[in-house]
Amino acid sequence: MERKNAWEIYQEDQLNEVEKLNREYRDFLDHGKTERECIDTIVELAEAEGYRELEDVLRKGEKLQKGDKVYSVWMNKSIVMFQVGSKPMADGMNILGAHIDSPRLDVKQNPLYEDGGFAYLDTHYYGGVKKYQWVALPLAIHGVVVKKDGTTIELNVGEDEDDPVFFVSDLLIHLAGEQLEKKAAKVIEGEALDIIIGSKPIVIAPKKEADGEQPCGEDEGENHKDRAKEAVKAGILDILKKSYDMEEEDFLSAELEIVPAGKAREAGFDRSMILAYGQDDRVCAFTSLRAMLDLKDTERTICCILVDKEEIGSVGATGMRSQFFENAVAELMNLTGEYSELNVRRCLARSCMLSSDVSAGYDPSYASCFEKKNAAFIGKGMVFNKFTGSRGKSGSNDANAEYMAHLRKIMDEKGIVYQTAELGKVDVGGGGTIAYILALYGMNVIDSGVAVLNMHAPWEATSKADVYEAYRGYIAFAEGASL
Ligand code: MN
Ligand code: MN
């Protein structure tokens, strides 16, 4: 059973739409390299399309009705959006879900030190990374520093052409004989992923004596040596103070994320692909969001949930396992006049969800890790994974055949190019998503999304055609699903 290549069926107007959507996509990636930045971008786009903050509606004591659009942000890192339908919510919603966190290096709470003439920030990696991929490439620092008085300083250094960048050093090949004998997992160890942020010692102007004698006595000379011991670090602290009014202690309440510096790029002579950081899972977040924002009025209430912390197990207050989603549904039903505990349960149980995340794109260079009949191919459209998991489907959601049949019908009727896939060959590896968490409510959930090459690498690749088909598929689902 061969699936179509999307590029082969596009007419000129569709090719134009593909390009337009992917320009917006690259813009989304460039403005959202952290979950916080994503939320800011999403809120801006949503408000431009008439979305209001749920808490604002609550505060003003208003009610909601069909056609109303609201969103709720949790701790600046997760968002749930609703477009109220004409049917009762207890009949169920159609839910688009994806995650907006990506693998990266996080700055530790006590990170700053000096060694060998360099100032460093110590890091702890976040999510699954091949550590050797993070050395010797330009890095940017994004994030927030929250001061004791509650003020938040936002940092974004390394993205503008005139910005400095940062880097993790690697051992020169000439001395790497022993290093190269190590296993890839050990070539670069986690504690070696500290980023170099400076090398210029601060210069304290010597006191000029009026009579023109030596500026320092013996004791002062000793003091001067003490100061010089960490003069590079002192220089960095001086810059942080002047630029951000930040003290060393303020790192204690900072969230600084180290990501590859630079913008999303078109890839290939034919410009058919996007090469960018963080496409897992912002490719599904963007396409789900864009679909949500472009929807006409619907019968069922449509929900789009874009969450944090998927890469570390969906834990924490902003992860999918948090109650914030369920709470938002209850608040919404209260505002539409439908709230009861039973109605909330009915709404969730009768919902349909596309849990969207990236799929492992077939890579001919590593063909032995894939089973070709059941692999996702770049350019062959939106991907459905009936199941994910590993070693005998362990940890997988495994969608119901009835649901898959319903989705096939919807996708075929709308001419969506799609394919089905597993995450690699049986027993080679595996992975999970947020699908199983929503499935706890008893709703129909399936994993879907976009195929990615070099997933979790600093630069990941996707096909523009797949971005377009996912977007179209999400609209078809939101408007057509009801099971
Ligand atoms: Mn993912
Ligand atoms: Mn991932």
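Predicted model: local features only at pLDDT ≥ 70, side-chain atom pairs only at ≥ 80, totals over all residues.
Glu 311 and His 456 come from distant parts of the chain, 145 residues apart. You'll find Glu 311 in the loop between β13 (301-307) and α8 (324-335), while His 456 is in the loop between β21 (451-452) and β22 (460-463).

How about burial? Glu 311 counts as buried because its relative accessibility is 14%, with the cut-off set at under 20%. His 456 has 18% relative accessibility, so it counts as buried too.

Now for some strand pairing, where β6 (residues 118-126) is paired with β5 and also with β9:

| Pair | Sense | Bridges | Facing residues |
|---|---|---|---|
| β5 (residues 104-115) and β6 (residues 118-126) | antiparallel | eight | Tyr 113 and Tyr 120 |
| β6 and β9 (residues 195-198) | antiparallel | three | Ala 119 and Gly 198 |

β5 and β6 make a hairpin, with two residues between the strands. Gly 116 sits in that turn and has a positive phi of about 60 degrees. If you're checking side chains here, keep in mind that in a regular strand they alternate between the two faces of the sheet.

Notes. Residues numbered from 1 in each chain as written. Chains lettered and ligands numbered in written order. Heavy atoms only, no water. Helix = DSSP H or I, 4+ residues; strand = E, 2+ residues; numbered from the N terminus. Buried < 20%, exposed > 50% of the residue type's maximum accessible area, 1.4 Å probe, protein only. Pairing = 2+ DSSP bridges.
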